[in-house]
Amino acid sequence: MTNNGSLVASNIYHAYDAAAGRIQALENVSFSLGNETFTCLVGPSGCGKSTLLRILAGLVQPESGSVSLNGSTLDSPRRKIGLVFQDATLMPWRTVIQNIMLPLEFTGLSRQEQRRRADSMLELLGLSEFANAYPSALSGGMAQRLAIGRALIYDPEVLLLDEPFGALDALTREYVSEELLRIWSQHKKTVLMVTHSIQEAILLSDRVLVMSPRPGRIVKDVTIDLPRPRSLDDMLGTDFVRLEAQVRAALRR
Ligand SMILES: Nc1ncnc2c1ncn2[C@@H]1O[C@H](COP(=O)(O)OP(=O)(O)O)[C@@H](O)[C@H]1O
Ligand SMILES: [Mg+2]
């Protein structure tokens, strides 16, 4: 099947050779992400989440197992897959608009078309008035939105987010996760996001994958069948609380 944006991980094993010996990071990880679905990955610190995302992005070759995108095996980084890390790695000497245009500079699009896309992305992010500011003038939440926008501007089929809100304070984090919901509803992508917040995972996702302590395995696959659009107020609902208990129980196992 060649569904755009369908990412499949099959029997992934990965180990690191460290001074203290071999560290088995991932063990038999398999799942399939449907086109335009939003999935969150939760698991204890050090269980292999970032390793898994790097493998899915084609940056690291797994020791065994494979990743395929739209039915073909992935063995190197692809433009169709965007990856965003915890700290927005913005270039401090470039303005906001120049930062967001960066990925387009290698595409062969005309300067005018690059500018048009960058302007509309800034608008979507609610950052238009900061187009000519430098990253140092942005709050943490704004910088992180910009980093997500920079990954989206390529129009990737899959977006991988590694604890994108990890460095933000709790209030900013809630606000930015609602923003991400809004952006995703307008720019549907297949998303896999690592988070350590169970509530954030449930608020955003169609599905939550729970990993075991290292070596990381998928121990639970929870379907989040809450209606959309969602907002922070939904976190008080009984269905939300029930799902939260289910994810927490899987993490404790
Ligand atoms: N480059 C590396 N070299 C050696 N060990 C590593 C490397 N990267 C990660 N690890 C180890 O692999 C395990 C999983 O790491 P990681 O994927 O970063 O976990 P998580 O993102 O879930 O916190 C950890 O024990 C970590 O110390
Ligand atoms: Mg990590």
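These exercises work through sheets, a core and a ligand shell in a predicted model.

**Exercise 1. Find the order of the strands in the open sheet of four strands, and name its edge strands.**

Step 1. Read the order across the sheet: β2-β1-β4-β5. The pairing is antiparallel.
Step 2. Look for strands that pair on one side only. These are β2 (21-33) and β5 (72-73), the edge strands.
Step 3. Check one pairing inside the sheet. Strand β1 (residues 7-18) runs antiparallel to β4 (residues 64-69), and five bridges join them. Val8 has Ser68 in β4 as its bridge partner.
Step 4. Helix α1 (residues 49-56) lies across β1, β2 and β4. The angle between α1 and β1 is about 120 degrees.

**Exercise 2. Describe the shell of residues around ligand 1.**

Step 1. Count the shell: 13 residues surround ligand 1. The closest are Tyr16, Ala25, Lys49, Ser50 and Thr51.
Step 2. Assign elements. β1, β2 and α1 each give two or more residues to this shell. The largest share, three residues, comes from α1.
Step 3. Sort by class. The shell has six polar, five nonpolar and two charged residues.

**Exercise 3. Explain why strand β8 (residues 190-194) counts as largely enclosed, and trace its pairings.**

Step 1. Five of the five residues of β8 are buried, so the strand is largely enclosed by the rest of the structure.
Step 2. Follow the first pairing named here. Strand β3 (residues 38-42) and β8 pair in the parallel sense over four bridges. Cys40 stands opposite Met193.
Step 3. Turn to β7 (residues 158-162). Five bridges join β7 to β8, and the two run parallel. Leu161 has Met193 as its bridge partner in β8.

**Exercise 4. Identify the residues of the largest nonpolar core that touch the most other members, and list what Val247 touches.**

Step 1. In soluble globular proteins, nonpolar side chains tend to be buried together.
Step 2. Locate the main contributor. Helix α4 (residues 140-152) gives the largest share of this core, six residues.
Step 3. List the contacts of Val247, leaving out residues up to four places away in sequence. They are Val42, Ile198, Ala201, Ile202, Val208, Val210 and Val222.

Methods:
Residues numbered from 1 in each chain as written. Chains lettered and ligands numbered in written order. Predicted model: local features only at pLDDT ≥ 70, side-chain atom pairs only at ≥ 80, totals over all residues. Pairing = 2+ DSSP bridges. Contact = placed C-beta atoms within 7 Å. Axes fitted to C-alpha atoms, helices over the stretch in contact; angles between N-to-C directions. Core = buried A, V, L, I, M, F, W, Y, C linked by C-beta atoms within 7 Å. Buried ≥ 20, exposed ≤ 12 C-beta atoms within 10 Å, placed from the backbone. Near = placed C-beta within 6 Å. Nonpolar A, V, L, I, M, F, W, Y, C, P; charged D, E, K, R; others polar.
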